[in-house]
Amino acid sequence: MARETQARDRLLEQSPGAGNAARKARLQGMNLAQRLAILTAIMTVVLIGVGAFVRATGSGLGCPDWPLCHGQPVPPGHQEAWIEFSHRFVASIVGLLVIAVAAAAWKYYRHVPLIVWVATATVPLVGFQGLLGAITVVRELPPEIVATHLVTAMVVLACITLVAVAMWMEDERHRETVGRFREAARVPGAWALAGLGWLAVTFWIGGYMAESGASTACSGWPLCNGGVLPGADDQEITHMLHRYLAGAFVFFVVPALVTAWRRRDQLPWARPYVAALGGLYAMQVLVGALNVWYTFPDPLTVAHTAIAACIWGVLAAGAALGFYQPYRAAAARPLPRAEAPA
């Protein structure tokens, strides 16, 4: 594939007029692919927020069958059915967008294996997510499936974010910028990657807690029914485990913020990254406390999950910026010299 690209470039150099037009069209296509990937990431966050709204309003079984709703393609008039159906509708849009991103990757980034294969692999991953949604409905909302459904949605978001960042880094218009920050981004990227791993566990416990009824097991914040440690009740233990994991997340957020800020002169994205991650984390702590104090009202419950998804997306972008190596740069790296025989 690299040889084909080089041959095409040589042909374009021999015909400057046609070469300029082809290059312009290629850049426009790459720009369209990048915007499509960003839109898909945004819509995935919206989908996660709608899913949280379904859970918060108790509408998970508003459509007790799947893929139809009460045996028909259009839901009946009651509110729970429409809320649940809205989640399925947004999920369908996200699925189509994921397919479109994969098609754009094959068309405009075929020379970059990672972009093509991650974008392609996300398509069956979304299908698996839909299967989990069907199992959730058929089995009447088992907490472990609901939690896995949430984490899978986050994995989809991470994959699309990686594709979007990689597309941007592979764009020849950003080659000089990328070359300046690649090495400096490694340490912040490592902290972002570690934070993603910690968050995945926190999300699973949080999803299990919400669906198992443990959300209201602890009154008061930060204590649980007046104590630092939970009682013997299983729901109190589940609730406080989620709080402990969420609280310990600060040990990943702070190093990620500090290491990025110290490299702000080398990383053109450090300032917005620090502002987004720090601001979202502060909001998440506040919303988490307000949820407990006001007994999980629907708007705060949805906000808590949506902000968590945004934090996940920011960390996924940080990890991608830290560890992704542009394909062209890697291909251009000189081979090591062979040592002279003794």
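## An all-helical predicted model

W168, F181, W269 and Y273 form one aromatic cluster, where rings of Phe, Tyr and Trp (its six-membered ring) count as a pair if their centres lie within 6.5 Å. The model is predicted, so local features are described at pLDDT of at least 70 and side-chain atom pairs at pLDDT 80 or more, whereas totals for chains, interfaces and linings use all residues. Residues are numbered from 1 along each chain as its sequence is written, and side-chain values use heavy atoms, with hydrogens and water left out.

### Overall architecture

The protein has 12 helices and 0 strands, these elements being DSSP runs (H or I of at least four residues for helices, E of at least two for strands) numbered from the N terminus. Along its principal axes, the C-alpha trace spans about 70 × 50 × 40 Å. Of the 342 residues, 45% are buried, a term that stands for under 20% relative accessible area, with exposed meaning over 50% and partly exposed the range in between (1.4 Å probe, protein chains only). Among the contacts with a separation of 6 or more, 71% join residues 24 or more positions apart, a contact being heavy atoms within 4.5 Å.

The unreviewed UniProt entry lists several stretches as "transmembrane region", including residues 36-56 and 89-109; such annotations may be inferred rather than shown by experiment, and the positions are given in the numbering used here, with feature names shortened. In the model, residues 36-56 are 100% helix and 0% strand, with the end C-alpha atoms 30 Å apart, while residues 89-109 are 95% helix and 0% strand, with the end C-alpha atoms 29 Å apart.

### Salt bridges

Side chains of opposite charge can pair when their charged atoms come close. The whole structure holds 4 salt bridges, each defined as a side-chain nitrogen of Lys or Arg within 4 Å of a carboxyl oxygen of Asp or Glu. Among them are the following pairs.

| Salt bridge | N to O distance |
|---|---|
| R26 and E172 | 3.3 Å |
| E84 and R88 | 3.1 Å |
| R173 and D171 | 2.5 Å |

R26 and E172 form a salt bridge, and because R26 lies in helix α2 (residues 16-56) while E172 lies in the loop between α5 (143-170) and α6 (175-181), this pair ties together parts that are 146 residues apart in sequence. R26 is partly exposed, at a relative accessible area of 21%, and E172 is also partly exposed, at 23%. E84 and R88, in contrast, are 4 residues apart in helix α3 (residues 79-108), a separation of about one helical turn, and both of these residues are buried. In the remaining pair of the table, D171 is buried at 1% relative accessibility, whereas R173 is partly exposed at 42%.

### Helix α9 and its surroundings

Helix α9 (residues 250-262) has 13 residues and reaches 18 Å from its first C-alpha to its last, close to the 18 Å expected at 1.5 Å a residue, where the expected span is 1.5 Å times one less than the number of residues. Its buried residues are F252, V253, P255, A256, L257, T259 and A260, and what covers them includes α7 (186-212), α8 (234-248) and α10 (270-293).

A pair of aromatic rings is described by the distance of the centres and the angle of the planes. The whole structure contains 11 aromatic pairs. One of them joins W198 and F252, whose ring centres are 5.2 Å apart and whose planes stand at 35°, so the pair is tilted, a label for angles that are neither under 30 degrees (stacked) nor over 60 (edge-to-face). Because W198 lies in helix α7 and F252 in helix α9, the pair ties together parts that are 54 residues apart in sequence. W198 is partly exposed, with a relative accessible area of 29%, whereas F252 is buried at 17%.

T122 is placed in helix α4 (residues 113-138) and is buried at 0% relative accessibility. The T122 side chain reaches the backbone oxygen of V118 at 2.6 Å. Leaving out residues up to four places away in sequence, T122 touches V98, V156, C159 and I160.

S215 is found in the loop between α7 and α8, and this residue is buried, with a relative accessible area of 12%. Apart from neighbours within four places in sequence, S215 is in contact with M209, A210, H239 and F296.

Key
Polar contact = N/O pair within 3.5 Å; in protein donor to acceptor, adjacent residues only side chain to side chain.
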